[in-house]
Structure formats: structure tokens, C-alpha cells
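Let's take a friendly walk through a protein model, one piece at a time. Keep the picture open while you read.

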Amino acid sequence: MKANIQPFIEKIFGSEHDSIGYEVEKDLINIIRHIVQNKKTAPNFIEFAEREKYDLDVVAKELIDKTSIEQFKHL
């Protein structure tokens, strides 16, 4: 399945992945399996309205150059 999904990843998401822990391949395979196993119905979409507030990439960039104590105080 990985070989079949790779062209879609390149076309839709691009070749450069800027997300920490980027696992789009695994996520897409899981979605495809769900659809196949559940009679071609997509999983329910749950909107996360405050997504920007909890963007771990942003948090990591803010904390990367701080000391351990400064990082702890940030929490």
C-alpha cells in the first residue's frame, strides 16, 4: 500500500514535510483501512477549533533556544 500512496503524498502534501513527527503516510493508510473495513464510509471529522493555540510546531520553535528552566517555566 505504501508504494501506491506515495504519489498522492507527493502531489497533495509536497516532498518537504515541515511538521515534527510527520506521519502522513501512516495516517493515510489508517484512513484507507477504515474506509475499506467500514463499507466505504469515511471516518467522522471532528473539528478542533483551537488548533492554532495548541500547534506543537509553534511551541517547539518558541522553546528550542531556551534553557531547561525557562522551558519548564513556560509550561
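Helix H1 (residues 2-13) has the lowest mean pLDDT among the elements of the protein chain, 80, and helix H4 (residues 68-74) has the highest, 87. Here pLDDT is the predictor's confidence in each residue, from 0 to 100, and helices (H or I, at least four residues) and strands (E, at least two) are DSSP runs, numbered from the N terminus. Over the protein chain, pLDDT averages 79, and 88% of the residues score at least 70. Where pLDDT is low, the predicted coordinates should not be read in detail.

This is a predicted model, in which local features need pLDDT of at least 70 and side-chain atom pairs count only at pLDDT 80 or more, while totals for chains, interfaces and linings use all residues. Residues are numbered from 1 along each chain as its sequence is written, and side-chain values use heavy atoms, leaving out hydrogens and water.

What does the secondary structure come to? The protein chain has four helices and zero strands, in the order α-α-α-α along the sequence. Of its 75 residues, 8% count as buried, meaning under 20% relative accessible area, with exposed over 50% and partly exposed in between (1.4 Å probe, protein chains only). The chain exposes about 7100 Å², and carbon and sulfur atoms supply 57% of that area, computed by the Shrake-Rupley method with a 1.4 Å probe; for residues, only the protein chains shown count as cover.

Now look at helix H2. Its 14 residues should span 20 Å at 1.5 Å a residue, and this agrees with its end C-alpha atoms, which are 20 Å apart. The expected span is 1.5 Å times one less than the number of residues. Lys39, which follows H2, has a positive phi, near 55°.

| Residue | Relative accessibility | Class |
|---|---|---|
| Glu25 | 23% | partly exposed |
| Val36 | 63% | exposed |

Which residues does Glu25 touch beyond its neighbours within four places in sequence? Glu25 is in contact with Lys2, Ile5, Gln6 and Ile9, where contact means heavy atoms within 4.5 Å. Glu25 and Lys2 are 23 residues apart along the chain, yet their C-alpha atoms are separated by 7.3 Å.

Val36 also belongs to a nonpolar surface patch of about 280 Å², made together with Met1 and Ile32. Such patches use residues with over 30% relative accessible area and no salt bridge, joining like charges within 9 Å and nonpolar side chains (Val, Leu, Ile, Met, Phe, Trp, Tyr) within 5 Å. A salt bridge is a side-chain nitrogen of Lys or Arg within 4 Å of a carboxyl oxygen of Asp or Glu.
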